[in-house]
Amino acid sequence: MFVLGLHLILTIAFWAALVMLIAGLFSQPTSIVAQDDSALDILNQRYARGEISKADYDAMRRDLEV
């Protein structure tokens, strides 16, 4: 009885893993940055998140506005 129950659980786990693997292969990867964002929008987002300093932000913004 125990072996039959274990076999059933392992079979279900195998098929569930297979379905998740196939679904993962066909799903589209997501990007943190939307493709419609301009470089300035991305720079503003990075500054707002605290990823870059004010000096870096100003320098990069000047480079982008040229």
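This is a predicted model: local features need pLDDT of at least 70, side-chain atom pairs count only at pLDDT 80 or more; totals for chains, interfaces and linings use all residues.
View 1. The structure holds two aromatic pairs, and the one shown here joins Phe-14 to Trp-15, whose ring centres are 5.2 Å apart and whose planes stand at 75°, so that the pair is classed as edge-to-face.

**View 2. The stacked rings of Tyr-47 and Tyr-57.** A pair of aromatic rings is described by the distance of the centres and the angle of the planes. For Tyr-47 and Tyr-57 the centres lie 4.6 Å apart and the planes meet at 25°, so this pair is stacked, the angle for that class being under 30 degrees. Because Tyr-47 belongs to helix H2 (residues 39–48) and Tyr-57 to helix H3 (residues 54–65), the pair ties together parts that are ten residues apart in sequence.

**View 3. Accessibility of the two tyrosines, Tyr-47 and Tyr-57.** Tyr-47, with a relative accessibility of 33%, counts as partly exposed, whereas Tyr-57, at 10% relative accessibility, counts as buried, the buried class being defined as under 20%.

**View 4. A nonpolar surface patch that includes Leu-10.** The patch covers about 460 Å² and is made by Phe-2, Val-3, Leu-6 and Leu-10. Of these residues, Leu-10 lies in helix H1, which spans residues 2–26, and its relative accessible area of 54% places Leu-10 in the exposed class, for which the value must be over 50%.

Conventions. Residues are numbered from 1 along each chain as its sequence is written. Side-chain values use heavy atoms; hydrogens and water are left out. Rings of Phe, Tyr and Trp (its six-membered ring) pair if their centres lie within 6.5 Å; planes under 30 degrees apart count as stacked, over 60 as edge-to-face and the rest as tilted. Helices (H or I, at least four residues) and strands (E, at least two) are DSSP runs, numbered from the N terminus. Buried means under 20% relative accessible area, exposed over 50%, partly exposed in between (1.4 Å probe, protein chains only). Patches are made of residues with over 30% relative accessible area and no salt bridge: like charges are joined within 9 Å, nonpolar side chains (Val, Leu, Ile, Met, Phe, Trp, Tyr) within 5 Å. Accessible areas come from the Shrake-Rupley method with a 1.4 Å probe; for residues, only the protein chains shown count as cover. A salt bridge is a side-chain nitrogen of Lys or Arg within 4 Å of a carboxyl oxygen of Asp or Glu.
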